[in-house]
Amino acid sequence: MKKYIFWIAGFIALMAVCVVGDVIALGDKLMADSIVLGWIFYVLVGALFIGLIIKPCLQVLLTPEMKGMALVDEEKHKKLKDQVKESAKVSLLMTTVSQNGSIDIIANTTITLKLISQLVKTAGYRPTLPQLLRLYSSVITTSLIVASVDEVIDNLDLGGMLSNAGVGAVCKIFQPLANGAANAYTCMRVGYATIKYLECGSKSYNRDKSAIRKAVAKEARRDLIPVMKDEVKDIVANVR
């Protein structure tokens, strides 16, 4: 455990760097208006950081590690997959609506960290520490990549480039939806990878690593469209 503390601390620090710039900028503005208001803001941010990022990570780390080969329970497997899909729906909705790179990173990261914690709680044991580090690294890197690509697409102004009002309107709808879909996909991919870690055991996973990674990516791609359809149906039903 001790030899991984440095890497775990580094991961948490990297997460903080992703959001600290905007937090400090907003905090400074509030401090300029009111010191009390500024400190209240920083306390709330600190509480959210602990609750949404530190707590899920600690809950996973404090769960007993899986030993040997895990037994696959079909009922439990279905429950784990349903948890992944529900989290992907939340990520899809939040990142489609927000249209802000920093908010998208925070939203998708916290949703995926919570998902990993839920999956571990359902299984009753956690993956090995090296596997957890791979999962957590994947969470932050994919969130950053998706947010960066989305920012590039936004800056292109496809509607203006194509000089067509109808196409421009379609692009305005497509861009946020594509961003939401990308975040939902990364959430599902991390979730399905977590399930594989939990069900295969470390030795089996390491032996078939390449094949399992391809299977995880394929499964996430296959389930993305149904997840998007289900979320649209849920939104329409709620509006009615």
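**Salt bridges in a predicted model**

Mentor: A search of the whole structure finds seven salt bridges, a salt bridge being a side-chain nitrogen of Lys or Arg within 4 Å of a carboxyl oxygen of Asp or Glu. This is a predicted model, in which local features need pLDDT of at least 70 and side-chain atom pairs count only at pLDDT 80 or more, while totals for chains, interfaces and linings use all residues. Residues are numbered from 1 along each chain as its sequence is written, and side-chain values use heavy atoms, with hydrogens and water left out.

Trainee: Which residue forms a salt bridge with Asp223?

Mentor: Lys81 does, with the closest N and O atoms 3.6 Å apart. Lys81 lies in helix α3 and Asp223 in helix α9 (residues 209-239), so the pair ties together parts that are 142 residues apart in sequence. Helices here are DSSP runs (H or I, at least four residues), numbered from the N terminus.

Trainee: Is Lys81 buried or exposed?

Mentor: Buried means under 20% relative accessible area, exposed over 50%, and partly exposed in between (1.4 Å probe, protein chains only). Lys81 is buried, at 13%, and Asp223 is likewise buried, at 8%.

Trainee: Which residues are linked with Lys81 in a network of salt bridges?

Mentor: The network joins Lys81 with Glu219, Arg222 and Asp223.

Trainee: How many residues apart are Glu86 and Lys89 in helix α3?

Mentor: They are three residues apart, about one turn of the helix. The side chains of Glu86 and Lys89 meet in a salt bridge of 3.4 Å, N to O. Glu86 is partly exposed, at 44% relative accessibility, whereas Lys89 is buried, at 10%.

How values were computed:
Helix = DSSP H or I, 4+ residues; strand = E, 2+ residues; numbered from the N terminus.
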